[in-house]
Amino acid sequence: MDKNFAARRRRDLIIAALLAALAALAPLFVKNVYIQNIMVLTLMYAALSQSWNILSGYCGQISLGHALYFGIGAYTTELLFTKFGVLPWFGMLAGGAIAAVIAMGLGYPFFRLRGHYFVIATIVIAEIGLLLFQNWEWAGAAMGITIPVRGDSWLKFQFMRSKLPYFYFALALCCLAWFVTWWLEDSKWGFWWRAVKDNPEAAESLGVVVFNSKMGAAAVSAFLVAIGGAFYAQFLAYIDPESVMGFQFSLLMALPAVLGGIGTLWGPVLGAVILIPMTELTRSYIGGSGRGVDLIVYGGLIVAISLALPQGLVSLFSRSKAKGATR
Amino acid sequence: MGLLYGLIAVGLALIFGLMDVTNFAHGEFLMIGMYASFFLFTFFAIDPLLSAPLVAAALFVFGAVVYLLIVRFAMRAKANAGMVQIFSTFGLAIVMRGLAQLFFTPDYRSIPHSWLGGKTISVAGIFLPEPQLVGALVSILAFAGLYFFIHRTDFGRALEATREDPGAVALVGIDKNRVFAFGWGLGAALVGLAGAIMAVFFYIYPDVGASFALIAYVTVALGGFGSVFGAFAGGIIVGLVEAVTALMLPPSLKSVGIYAVYLLVVFIRPRGLFGSM
């Protein structure tokens with residue numbers, strides 16, 4: 001069993017490296033800017049969903065308020081950049097750190113809540129954040145912040161002519177989030193989280209400090225999501241509260257993981273690779289009519305997939321292999 | 001007027017609070033109710049007050065169908081049942097919004113001359129708008145009816161028992177799906193009633209539900225899951241808090257007060273005010 005587990009992990013790592021290399025070569029063949037744009041978004045959502053999965057999938061604390069951390073990452077970076085001239089690279093880390101601290105601060109009261117009460121609390125806190133930012137004059141209120149164009153440079157992480165640098169950054173972020181998940185899966189934290197998810201009382205009785213486990217998961221998850229938010233802000237070069245903190249981001253982060261397989265290593269990536277291009281394509285090919293057909297198709301697919309494969313698409317792959325494989 | 005929030009929340013209290021099924025399409029049910037009322041008024045000149053029972057009946061059928069076509073299967077999921085419920089009903093909400101855009105166009109609509117619209121009534125020197133007053137009245141009746149229904153009838157007991165233990169219920173000959181389909185129908189009918197009354201004084205557009213849905217969830221959770229009275233109390237508190245916040249903060253921040261009170265309540269009482277689950 002142990003040997004199998006180690007072998008599986010090694011295989012996962014090799015597959016990931018191959019996929020990453022393959023993805024890195026993709027822009028050589030895909031010159032279409034529109035497709036490149038979709039690829040960037042897909043990688044970004046894969047990274048976000050992977051991060052969300054750490055708290056909600058592995059540790060079982062379903063959060064539908066991660067838009068808060070996404071927005072904090074975006075706003076910290078851009079406020080530091082536009083008001084104080086701090087380079088986005090540092091702003092990004094600052095945003096991640098702030099998000100992690102806030103996640104732990106919120107975790108202190110939140111993690112006492114169970115089930116629906118917890119989920120609603122996460123939605124509500126993100127909504128409060130959204131409303132506060134919409135009314136915060138210094139941070140641009142509802143108008144948002146336009147990031148000044150200073151020419152293409154890695155230093156300022158700003159590229160107008162080509163999407164490729166964004167693509168590689170998103171790929172790196174996706175790899176980072178995947179690798180962190182991979183690494184945590186076999187660490188004591190990973191085992192604690194799964195224990196907390198399955199049966200918190202039993203875990204506590206065996207010496208797992210449930211509360212600290214949740215806090216750790218929340219901090220890692222929020223940090224990575226905030227980095228994603230900072231990236232998104234640089235990518236769009238414009239942010240406003242609704243576009244980086246809206247409820248739809250919380251759902252869009254959760255969806256790939258849920259569709260792909262919640263609490264699994266490959267679920268978020270798989271979900272994002274299918275869901276995000278589908279979203280973008282339905283939007284641009286049948287959404288142009290402005291008559292809501294894209295919404296009908298998109299929503300219908302979500303209903304169909306979530307009903308047909310409650311364990312996510314990953315279950316299609318694992319079913320043929322070992323029965324009762326570790327979830 | 002907190003009772004209005006109560007009215008929107010009462011249907012959710014049944015589905016979400018008593019049957020423990022997440023319904024992320026609740027706001028869209030409300031939207032359908034408002035449109036139904038609007039079209040009955042525009043094409044058949046039936047006043048929303050008269051058409052309310054019709055709307056409720058239509059929504060009853062709709063709710064039961066949604067349960068039988070979607071939710072039944074979502075509840076059957078062995079793994080991640082909660083997430084499957086969230087996302088299947090969320091997908092349904094998106095579809096409903098899309099359908100509304102397709103058939104009703106994204107235009108804002110309103111019911112111009114109804115019996116109640118724009119009238120006020122003076123009670124002891126305080127002017128109260130009539131539609132809101134009727135809404136409050138209907139809300140109280142709906143809650144009283146639901147309370148009676150849950151606690152005094154066989155159906156209510158069957159519903160409670162089905163949630164607790166579907167297997168045992170099957171042994172005594174209760175069909176789980178029939179009970180829950182009826183529960184969903186009833187929940188949808190109640191929110192249809194709310195929609196019919198709100199159609200009188202709110203603009204109607206495809207996304208209208210979203211703005212009320214979150215407050216409805218908060219209302220139910222604030223009162224506590226599994227308690228009809230809790231949802232009623234939650235509605236009143238939400239209304240009061242909103243009124244007070246609106247006095248102290250700019251209007252765009254009025255929901256912050258509601259959310260803050262929710263957090264405060266669950267931090268002190270993690271199961272809401274009157275929750276049993």
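From the N terminus on, chain B runs through its elements in the order α-α-α-α-β-β-α-α-α-α-α-α-α. That makes 11 helices and two strands in chain B. The model is predicted, and the predictor gives the complex an ipTM of 0.76 and a pTM of 0.80. For chain B the average pLDDT is 75, and 85% of the residues score at least 70.

Chain B has 277 residues, and buried residues make up 55% of them. Its contacts reach across the sequence: among those between residues at least 6 apart, 75% join residues at least 24 apart.

Chain A can be described in the same terms. Chain A has 14 helices and two strands. Of its 327 residues, 51% are buried. Residues 24 or more positions apart account for 76% of the contacts in chain A with a separation of 6 or more.

Helix α3 of chain A covers residues 67–84, 18 residues in total. From its first C-alpha to its last, α3(A) reaches 25 Å, close to the 26 Å expected at 1.5 Å a residue. Because 14 of its 18 residues are buried, α3(A) is largely enclosed by the rest of the structure.

The next topic is where the two chains meet. Here 39 residues of chain B are in contact with 34 residues of chain A. On the side of chain B that touches chain A, four helices each supply at least two residues: α3 (48–76), α4 (81–104), α9 (208–223) and α11 (254–268). The largest share of that side, 15 residues, comes from α4(B). By class, the side of chain B that touches chain A consists of 28 nonpolar, nine polar and two charged residues.

E127(A) is found in helix α5 of chain A, which spans residues 115–134. Is E127(A) buried or exposed? E127(A) counts as buried, because it has 24 C-beta neighbours inside 10 Å, and the cut-off for a buried residue is 20 or more. Leaving aside its neighbours within four places in sequence, E127(A) is in contact with L214(B) and Y259(B). L214(B) falls within the range given for α9 of chain B, 208–223, and Y259(B) within that given for α11, 254–268. Along its own chain, E127(A) lies 19 residues from T146(A), and the C-alpha atoms of E127(A) and T146(A) are separated by 22 Å.

Terms used: Residues numbered from 1 in each chain as written. Chains lettered and ligands numbered in written order. Predicted model: local features only at pLDDT ≥ 70, side-chain atom pairs only at ≥ 80, totals over all residues. Contact = placed C-beta atoms within 7 Å. Nonpolar A, V, L, I, M, F, W, Y, C, P; charged D, E, K, R; others polar. Buried ≥ 20, exposed ≤ 12 C-beta atoms within 10 Å, placed from the backbone. pLDDT = per-residue confidence, 0-100. Expected span 1.5 Å × (residues − 1).
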